Amino acid sequence: MPPLPLTEPGDELHDLAVDFETLYARVRDVSYTPGSDAWRQITPLLLISHNLTATALVRLRALDNSPGTTIIGSRSGRELMVSVAFFSARAGADLAHALLANPAEDPPHPVSPADEPSVRTAVLAEAIAKMTGHLADAVHHLDLSATGCHSVAAAVRDATATAQPTPS
């Protein structure tokens, strides 16, 4: 199979950026009630995040194996794609942390002081604050991933127009 022209990786990276932006919006707007509902709402977002990280790594490999590696500035584009994969993985970790902070819905134990309504309310408030923080971090990391993809896509497109091989 012949190598793909440089415009295809640019288009694929643009599409990946759009996918990051879509997930960004979904995470930013996620609505949940702590407990089982949070699991149902956040778990699919975590799965999508992992898929986007895998796709970013595939795109990085494609860039590394493309004829564009001989173009001046291509190394910085590959380094930026590494950061996209890193921030995407961080977003996944943030989503997993949100699930970890999610309070359990165990039935109350009759002799536990944690069963006091005031204690349960305090635990729930703390969990919600932690989950909100992790989700905000995920949104930030998804934004960085989308921005990085857009930047690399633009650089690939520019490189196609002004291709100059690196000196040997």
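## Helices and overall make-up

Helices (H or I, at least four residues) and strands (E, at least two) are DSSP runs, numbered from the N terminus. By this rule, Ser88 has its place in helix H3. This is a predicted model, in which local features need pLDDT of at least 70 and side-chain atom pairs count only at pLDDT 80 or more, while totals for chains, interfaces and linings use all residues. Residues are numbered from 1 along each chain as its sequence is written, and side-chain values use heavy atoms, with hydrogens and water left out.

The protein has 4 helices and 0 strands. Read from the N terminus on, its elements run α-α-α-α. The accessible surface of the protein comes to about 9,600 Å², computed by the Shrake-Rupley method with a 1.4 Å probe; for residues, only the protein chains shown count as cover. Carbon and sulfur atoms hold 61% of that surface.

Residues are sorted by relative accessible area: buried means under 20%, exposed over 50%, and partly exposed in between (1.4 Å probe, protein chains only). Of the 168 residues in the protein, 34% are buried. A contact means heavy atoms within 4.5 Å. Among the contacts in the protein with a separation of 6 or more, 83% are between residues 24 or more positions apart.

## The nonpolar core

A nonpolar core is a set of buried Ala, Val, Leu, Ile, Met, Phe, Trp, Tyr and Cys residues joined through side-chain atoms within 4.5 Å. The largest such core has 34 residues, and the members that touch the most other members are Phe20, Val27, Ile42, Met81, Leu95 and Leu135. Helix H1 (7–28), helix H2 (36–64), helix H3 (74–101) and helix H4 (117–161) are the elements that give two or more residues to this core. H4 gives the most, with 10 residues.

Leaving aside residues up to four places away in sequence, Val27 touches Leu45, Leu95, Leu135, Ala138, Val139 and Leu142.

Is Ser88 buried or exposed? Ser88 is buried, with a relative accessible area of 0%. Not counting residues up to four places away in sequence, Ser88 touches Phe20, Ser49, Leu52, Thr53 and Ser145.

A pair of aromatic rings is described by the distance of the centres and the angle of the planes. Rings of Phe, Tyr and Trp (its six-membered ring) pair if their centres lie within 6.5 Å; planes under 30 degrees apart count as stacked, over 60 as edge-to-face and the rest as tilted. A search of the whole structure finds 1 aromatic pair. The ring centres of Phe86 and Phe87 are 5.2 Å apart and the planes stand at 70°, so this pair is edge-to-face. Phe86 is partly exposed, at 43% relative accessible area, and Phe87 is also partly exposed, at 23%.

## Salt bridges

A salt bridge is a side-chain nitrogen of Lys or Arg within 4 Å of a carboxyl oxygen of Asp or Glu. The structure holds 3 salt bridges. One of them joins the side chains of Arg59 and Glu12 (3.8 Å, N to O). Arg59 lies in helix H2 and Glu12 in helix H1, so the pair ties together parts that are 47 residues apart in sequence. Arg59 is partly exposed at 21% relative accessibility, and Glu12 is partly exposed at 24%.

Arg28 forms a salt bridge with Asp29, with 3.0 Å between the closest N and O atoms. Arg28 is partly exposed, at 46% relative accessible area. Glu126 and Lys130 meet through their side chains in a salt bridge of 3.4 Å, N to O. Both Glu126 and Lys130 lie in helix H4, 4 residues apart, about one turn of the helix. Glu126 has a relative accessible area of 46% and is partly exposed; Lys130 is partly exposed at 44%.

Where is Asn102 found? Asn102 is in the loop between H3 and H4, and it is buried, with a relative accessible area of 8%. A polar atom of the Asn102 side chain lies 2.7 Å from the backbone nitrogen of Gly35. Asn102 touches Pro34, Gly35, Ala38, Trp39 and Met131, not counting residues up to four places away in sequence.

Leu124 lies in helix H4 and is partly exposed, with a relative accessible area of 30%. Apart from residues up to four places away in sequence, Leu124 touches Pro34 and Pro103. Leu124 and Ala104 are 20 residues apart in sequence and 9.5 Å apart in space, C-alpha to C-alpha.

Terms used: A polar contact is a pair of N or O atoms within 3.5 Å; within protein, one must be able to donate a hydrogen and the other to accept it, and residues adjacent in sequence count only if both atoms are side-chain atoms.
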